Amino acid sequence: MKKYLFTEITSIAIVVLSLIPIPEEPPLADVPLIDKWVHFVMYAALSLVMWFDHIVMNKKAMSPTFLLLTFLYPAFLGGMMELAQAYLTTCRSGDFIDFVANVIGAVIGVICCFLFNKLWKEKNSDRR
């Protein structure tokens, strides 16, 4: 069993969803900025999945270094996906504003990870 299985699965899902052709009329196309909301949610979720994997596998709170990684990895992946869309596909286009939405999602995700980490520490310090 892989150590960070859910992080790997989530990353693969993001890569696939980022590179497959989108329908002519995407679902929820009438929602303002739906594309940016999707980017935001995917990368916030990736940060949270990383936190979850870490807690489940290590049974201890994240270190500040790993907490930083819960931002850096999603932000890096988001940048790579925008470059891949721009240069490796003919059905998608890279967009700097999409990258900004990815990074904002990662920032919100890491803030949530920080708060969850703090709550987890407090809950588990009471048990000792």
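Student: Which helix gives the largest share of the lining of the largest pocket?

Tutor: Helix 2 does, with six residues. Before we go on, this is a predicted model, where local features need pLDDT of at least 70 and side-chain atom pairs count only at pLDDT 80 or more, while totals for chains, interfaces and linings use all residues. Residues are numbered from 1 along each chain as its sequence is written, and side-chain values use heavy atoms, with hydrogens and water left out.

Student: What counts as a pocket here?

Tutor: On a 1 Å grid over the protein atoms alone, a pocket is an open set of points where a 1.4 Å probe fits, with protein on both sides within 12 Å along at least five of seven lines; lining residues have an atom within 4 Å of a point.

Student: And what volume does the largest pocket have?

Tutor: About 500 Å³, taken as the space filled by probe spheres set on the points, with grid points joined across faces, edges and corners.

Student: Which residues lie nearest its centre?

Tutor: L17, I22, D35, V38 and R92, out of 21 lining residues. Helix 1 (5–19) and helix 2 (34–58) each supply at least two residues of that lining; helices are DSSP runs of H or I, at least four residues, numbered from the N terminus.

Student: How does the lining divide into nonpolar, polar and charged?

Tutor: Twelve nonpolar, four polar and five charged. Ala, Val, Leu, Ile, Met, Phe, Trp, Tyr, Cys and Pro count as nonpolar, Asp, Glu, Lys and Arg as charged, and the others, Gly among them, as polar.

Student: Switching topic, how many salt bridges are there?

Tutor: Three in the whole structure, each being a side-chain nitrogen of Lys or Arg within 4 Å of a carboxyl oxygen of Asp or Glu. D35 pairs with K36 at 3.0 Å, N to O. K36 also meets D95, at 3.2 Å. Since K36 lies in helix 2 and D95 in the loop between helix 3 (64–88) and helix 4 (96–126), that pair ties together parts 59 residues apart in sequence.

Student: What about D98 and K36?

Tutor: Their side chains meet at 2.5 Å, N to O. D98 lies in helix 4 and K36 in helix 2, so this pair ties together parts 62 residues apart in sequence. Through shared partners, the salt bridges join D35, K36, D95 and D98 into one network.

Student: Is D98 buried or exposed?

Tutor: Buried, at 5% relative accessible area; buried means under 20%, exposed over 50%, and partly exposed in between (1.4 Å probe, protein chains only). D35 is partly exposed at 35%, as are K36 at 21% and D95 at 27%.
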